[in-house]
Amino acid sequence: MSAPQLRVAVVTGAASGIGRVTALRLADAGYDLALMDVDRDGLTRTCAQIEDAGGVARAFPADLRNPDEIGSVTREVAVTRGAPALLVNVAGTGLVATVLETSDEDWDRVLSVNLTGSFLTARAMLPLMLDNGGGVIINVASVAGQVGLPRRAAYCASKAGLVGLTRAIAVDHAKDGIRCVAICPGTVATEWVDKMVADAPDPAVARQAMAARQLDGRLGSPEEVAATIAFVAGPEGRFINGTALIIDGGLTAA
Ligand SMILES: NC(=O)c1ccc[n+]([C@@H]2O[C@H](COP(=O)([O-])OP(=O)(O)OC[C@H]3O[C@@H](n4cnc5c(N)ncnc54)[C@H](O)[C@@H]3O)[C@@H](O)[C@H]2O)c1
């Protein structure tokens, strides 16, 4: 008797931070992982971690700003793994700047990774999901998609756009068995935040200020975000659709 086929999950941004930990969590939940990122070495490390833990994963390096690369990865995933049951768009990039401080190049970079990249992966993979009778798309947005944060003009715009895209996909495709949900984390302790802290004039003060933004007085962990994603993707999350779940330790409550 052949082994039952695993459900395929595509995770972008899987070389680092929330994407890496989400991939590990989903592998643990029994998914066959197709991992995308522009960082090849990071992807290789995530795959090795999953395989060491007994899971199944394969790296599909791609720059999400390039529709051709997304198209060829989608075809390769379809041929080698099968139609994805789950797409988790985690890849993202940031910018600390007001509108007046934002160059055309920076605006394009942030919007093209955070918003257009998620649009492109969804547009490429939805037909496979539809042929397969349905699926789940989870977009990792941010509290910056819910409220304005200081000196995050392009980032806030990209994440608010991603929340809007999420609702639109849900409305258009609920009848086809597709769910689409945005996750909006507060400040999460990842490599990204480590770098922001390290670049600050006083790193200890910067980390303390970031922790203090949450009512809990601490940063979230990538594991907490990954657990939320796994719950939303799984059968217990099946009534969650077309919405944005905030997981922020109370940052947006005040
Ligand atoms: N860390 C936080 O505090 C926080 C809070 C809210 C939302 N988020 C969101 O969570 C997501 C992950 O953030 P993180 O903190 O894990 O960051 P991270 O920097 O650790 O990981 C981001 C990953 O995205 C990849 N990536 C960037 N540009 C890409 C491109 N053009 N093509 C393919 N891959 C690309 C990077 O290589 C990296 O592996 C982002 O979308 C971010 O906006 C993070």
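**Reading the domain interface and the ligand site**

Mentor: Let us begin at the boundary between the parts of this predicted model. Across the interface of domain 1 and domain 2, three residue pairs are in polar contact, with both partners at pLDDT 80 or more.

Trainee: Which elements of domain 1 supply at least two residues each to the side that touches domain 2?

Mentor: They are helix H1 (17-28) and helix H8 (222-233). Sorted by class, that side of domain 1 has six nonpolar, six polar and three charged residues.

Trainee: How many residues are in contact on each side, and what area is buried between the domains?

Mentor: Contact is judged by heavy atoms within 4.5 Å. By that rule, 15 residues of domain 1 are in contact with eight residues of domain 2. The two domains bury about 750 Å² between them, and 60% of this area is on carbon and sulfur atoms.

Trainee: How many salt bridges does the rule find across the interface?

Mentor: To count one, we look for a side-chain nitrogen of Lys or Arg within 4 Å of a carboxyl oxygen of Asp or Glu. The rule finds one salt bridge across the interface of domain 1 and domain 2. Glu224 and Arg218 form a salt bridge in which the closest N and O atoms are 2.8 Å apart.

Trainee: What does the count of salt bridges come to by this rule?

Mentor: The count comes to nine. Another pair to examine is Glu76 with Arg58, whose closest N and O atoms are 2.5 Å apart. Glu76 belongs to helix H3 (residues 67-80) and Arg58 to strand S3 (residues 56-61), so this pair ties together parts that are 18 residues apart in sequence.

Trainee: Let us turn to the ligand. Which residues are closest to the ligand?

Mentor: The ligand is surrounded by 29 residues, of which the closest are Ser16, Ile18, Asp37, Tyr155 and Thr190. In Ser16, a polar side-chain atom lies 2.5 Å from an oxygen atom of the ligand. In Ile18, a backbone N or O atom lies 2.8 Å from an oxygen atom of the ligand. Leu64 has a polar backbone atom 3.0 Å from a nitrogen atom of the ligand.

Notes:
Residues are numbered from 1 along each chain as its sequence is written. This is a predicted model: local features need pLDDT of at least 70, side-chain atom pairs count only at pLDDT 80 or more; totals for chains, interfaces and linings use all residues. Side-chain values use heavy atoms; hydrogens and water are left out. Buried area is the accessible area (1.4 Å probe) that two parts lose on being put together, summed over both. A polar contact is a pair of N or O atoms within 3.5 Å; within protein, one must be able to donate a hydrogen and the other to accept it, and residues adjacent in sequence count only if both atoms are side-chain atoms. Helices (H or I, at least four residues) and strands (E, at least two) are DSSP runs, numbered from the N terminus. Ala, Val, Leu, Ile, Met, Phe, Trp, Tyr, Cys and Pro count as nonpolar, Asp, Glu, Lys and Arg as charged, and the others, Gly among them, as polar. A residue is near a molecule or strand if one of its heavy atoms lies within 4 Å of it.
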